[in-house]
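User: I would like to learn how to read a protein model, feature by feature. Can we work through one together?

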Number of protein chains: 2
Amino acid sequence: MSVSGKSSDCGNCFTCQTRGKTEWCVLSDDELEIVDQGKVCREYMPGEVIFHEGDDCRGVHCIERGLIGVRKMNAGGNEVLLRISHPGDTMGYRSFLAGDDHNNSAEALEPSVLCFIDGKTVHSLLAMNPALGLRFLRHAAQDLNAAEEKVLQTATLPVRARFAHLLLVLKERYGVVDDNGSLDLELPLSRQDMAAMIGIRPESMSRTIRSFEDDNIAHFSGRRVHVPDVKSLYEELEIPIGL
Amino acid sequence: MSVSGKSSDCGNCFTCQTRGKTEWCVLSDDELEIVDQGKVCREYMPGEVIFHEGDDCRGVHCIERGLIGVRKMNAGGNEVLLRISHPGDTMGYRSFLAGDDHNNSAEALEPSVLCFIDGKTVHSLLAMNPALGLRFLRHAAQDLNAAEEKVLQTATLPVRARFAHLLLVLKERYGVVDDNGSLDLELPLSRQDMAAMIGIRPESMSRTIRSFEDDNIAHFSGRRVHVPDVKSLYEELEIPIGL
DNA sequence: GGGGAAACTTAACGGAGGTCAAGGTGGTTC
DNA sequence: GAACCACCTTGACCTCCGTTAAGTTTCCCC
């Protein structure tokens with residue numbers, strides 16, 4: 001778990017596997033040293049919460065290992081799973097930069113290791129290296145596109161299409177497509193988390209899964225999914241039943 | 001319409017009414033001069049499109065006057081109105097910064113004047129003045145919060161609550177609340193555009209309006225709305241009927 | 001291994017809201 | 001003023017999905 005000898009369960013930014021893919025890759029060695037000195041790492045068990053909606057936002061979290069779910073809930077207690085974040089992703093930078101409290105919560109979905117970088121350090125790095133801000137800006141732009149896409153889908157697509165879309169998104173990271181177009185997928189999410197991702201109840205998730213089984217679109221066994229023909233998922237997206 | 005003598009219908013950045021509220025307010029006079037020289041302004045009539053989804057994004061648009069609707073549509077032709085943008089807002093900066101084509105479309109809802117600033121100019125200003133990037137970053141962070149809030153609402157709130165929320169948002173800019181808590185509102189949107197904002201069909205918009213009338217929550221006459229007690233709108237938001 | 005909690009599934013029911021079709025209203029043009 | 005058009009409203013119908021309430025399976029933890 002530990003790479004440097006500095007802290008019991010703390011990685012080292014210079015040797016971090018995810019370094020090349022993160023916003024921080026634009027930092028010079030001197031600047032990275034500042035991050036490395038200032039960060040605090042911790043391991044989280046599944047279900048453990050990294051921060052809650054409404055918490056004071058004191059800095060950013062960078063995922064070293066594991067899988068994190070970002071949730072948001074409303075007054076009535078209803079909850080959606082906005083997205084899942086992976087190693088290399090930096091979390092909480094938006095609330096931090098906007099100067100707000102956290103406006104969603106983060107929870108470990110697998111055993112995960114996160115590094116916390118405090119606000120003062122982030123601010124001085126942003127001042128020191130303008131490229132860092134631009135990287136975050138680009139990232140925010142992409143997140144925003146994804147969020148607007150999700151608004152559109154939630155408002156206009158029926159549940160089957162939203163679920164097909166979710167499977168297609170998960171395919172990119174968790175799936176294998178073979179030569180004849182069949183897909184095998186190992187889901188990183190529980191049924192209820194999948195339901196929360198597409199904005200439906202667990203009961204509807206079960207029904208949708210069964211209707212996919214009945215239509216021979218996909219076969220589910222625990223978290224293993226087999227899709228005989230990926231094309232059939234794309235066809236689901238096209239179904240013109242509007243809002 | 002024209003302030004400088006430079007171009008027939010082109011304003012002047014130095015005297016622009018919206019200047020203080022925009023991202024561009026961090027620019028020095030020299031830098032603003034670059035914007036002013038490089039920009040191209042144009043008037044758009046209601047219904048006229050500024051850019052389409054999928055168009056090549058060559059720069060950003062800054063709204064000098066008027067009201068612009070930002071729309072996004074899916075393969076099936078269903079459309080949502082993601083937000084409305086006002087004088088001082090800069091549009092298209094996200095697609096531009098992410099290096100993508102436009103991923104939504106912009107259409108004038110009122111007679112409007114927009115200034116176009118080409119990509120080369122924006123890039124050189126970002127390089128010249130890091131504070132500009134940070135301002136855009138903060139703006140993107142706020143937009144992202146709004147978009148995620150909208151995902152949550154669309155997925156978990158019934159139509160009445162979403163409509164009550166829309167009226168409360170429009171209240172901030174277009175409404176007047178008097179001493180005894182009653183609200184008068186002049187809607188900037190047609191019924192079908194309001195429907196597109198909360199992700200429903202025009203028929204459902206009509207039905208929802210009528211149910212608000214029946215319950216004495218709000219009274220509609222064309223684009224004039226009278227709400228006897230603003231509290232009743234807040235109460236609509238709380239209704240626990242979940243998704 | 002056994003017991004309990006959480007996750008998942010299934011079925012029956014009902015209501016919110018989409019669809020379709022028809023009619024009303026208002027604004028613009030000749 | 002007539003004709004046209006877009007926008008809006010209304011009603012009838014029906015489907016999708018939330019609700020409720022069992023029941024089943026899985027997974028921990030003693």
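Analyst: Let's start with a term. Strands are DSSP runs of E with at least two residues, and they are numbered from the N terminus. A:Lys72 lies in strand S4 of chain A. Keep in mind that this is a predicted model.

User: Is A:Lys72 buried or exposed?

Analyst: The cut-off comes first. A residue under 20% relative accessible area is called buried. A:Lys72 counts as buried because its relative accessibility is 5%.

User: Which residues is A:Lys72 in contact with, leaving aside its neighbours within four places in sequence?

Analyst: The list draws on both chains. In chain A, it includes A:Glu53, A:Asn78, A:Glu79, A:Val80 and A:Leu82. A:Asn103 and A:Asn104 are also among the contacts. From chain B come B:Glu148, B:Glu149 and B:Leu152. One contact has a distance to note: the side chain of A:Lys72 reaches the backbone oxygen of A:Asn103 at 2.7 Å.

User: How do I read a salt bridge?

Analyst: Side chains of opposite charge can pair when their charged atoms come close. Now the case here. A:Lys72 and B:Glu149 form a salt bridge, with their closest N and O atoms 3.7 Å apart.

User: How many salt bridges does the rule find across the interface of chain A and chain B?

Analyst: Six salt bridges cross that interface. Over all chains, the count by this rule comes to 30. Polar contacts are counted too: twelve residue pairs are in polar contact between chain A and chain B, both partners being at pLDDT 80 or more.

User: How is the size of an interface expressed?

Analyst: The size of an interface is often given as the accessible area lost when the parts come together. Between chain A and chain B, the buried area is about 3900 Å². Carbon and sulfur atoms give 69% of that area.

User: Why do we say that the copies meet through the same surface?

Analyst: Compare the interface residues of the two chains. The copies meet through the same surface because 98% of the interface residues of chain A are also interface residues in chain B.

User: What rotation superposes chain A on chain B?

Analyst: A rotation of 180°, with 0.0 Å of shift along its axis, does it, and the RMSD is 0.0 Å. That is the relation of a two-fold axis.

User: Back to charges. Which salt bridges lie within a chain?

Analyst: In chain A, A:Arg71 and A:Glu79 meet through their side chains at 3.5 Å, N to O. A:Arg71 is buried at 7% relative accessible area, whereas A:Glu79 is partly exposed at 33%. In chain B, B:Arg71 and B:Glu79 form a salt bridge at 3.5 Å, N to O. B:Arg71 is buried at 7%, and B:Glu79 is partly exposed at 32%. Shared partners can also link salt bridges: A:Arg71, A:Glu79, A:Glu107 and A:Asp193 are joined into one network.

User: What about backbone angles?

Analyst: Most residues other than glycine have a negative phi, and most peptide bonds are trans. A:Asn216 is not a glycine, yet its phi is positive, about 60°. A:Asn216 sits in the loop between helix H7 (202–214) and strand S11 (219–221) of chain A. With 47% relative accessibility, A:Asn216 counts as partly exposed.

User: Where is B:Asn216 placed, and what is its phi?

Analyst: B:Asn216 is in the loop between helix H7 (202–214) and strand S11 (219–221) of chain B. Its phi is positive, about 60°. B:Asn216 counts as partly exposed, at 46% relative accessibility.

Notes. Residues numbered from 1 in each chain as written. Chains lettered and ligands numbered in written order. Predicted model: local features only at pLDDT ≥ 70, side-chain atom pairs only at ≥ 80, totals over all residues. Heavy atoms only, no water. Least-squares fit on C-alpha atoms with pLDDT ≥ 70 in both. Contact = heavy atoms within 4.5 Å. Buried area = accessible area lost by both parts, 1.4 Å probe. Salt bridge = Lys/Arg side-chain N within 4 Å of Asp/Glu carboxyl O. Polar contact = N/O pair within 3.5 Å; in protein donor to acceptor, adjacent residues only side chain to side chain. Helix = DSSP H or I, 4+ residues; strand = E, 2+ residues; numbered from the N terminus. Buried < 20%, exposed > 50% of the residue type's maximum accessible area, 1.4 Å probe, protein only.
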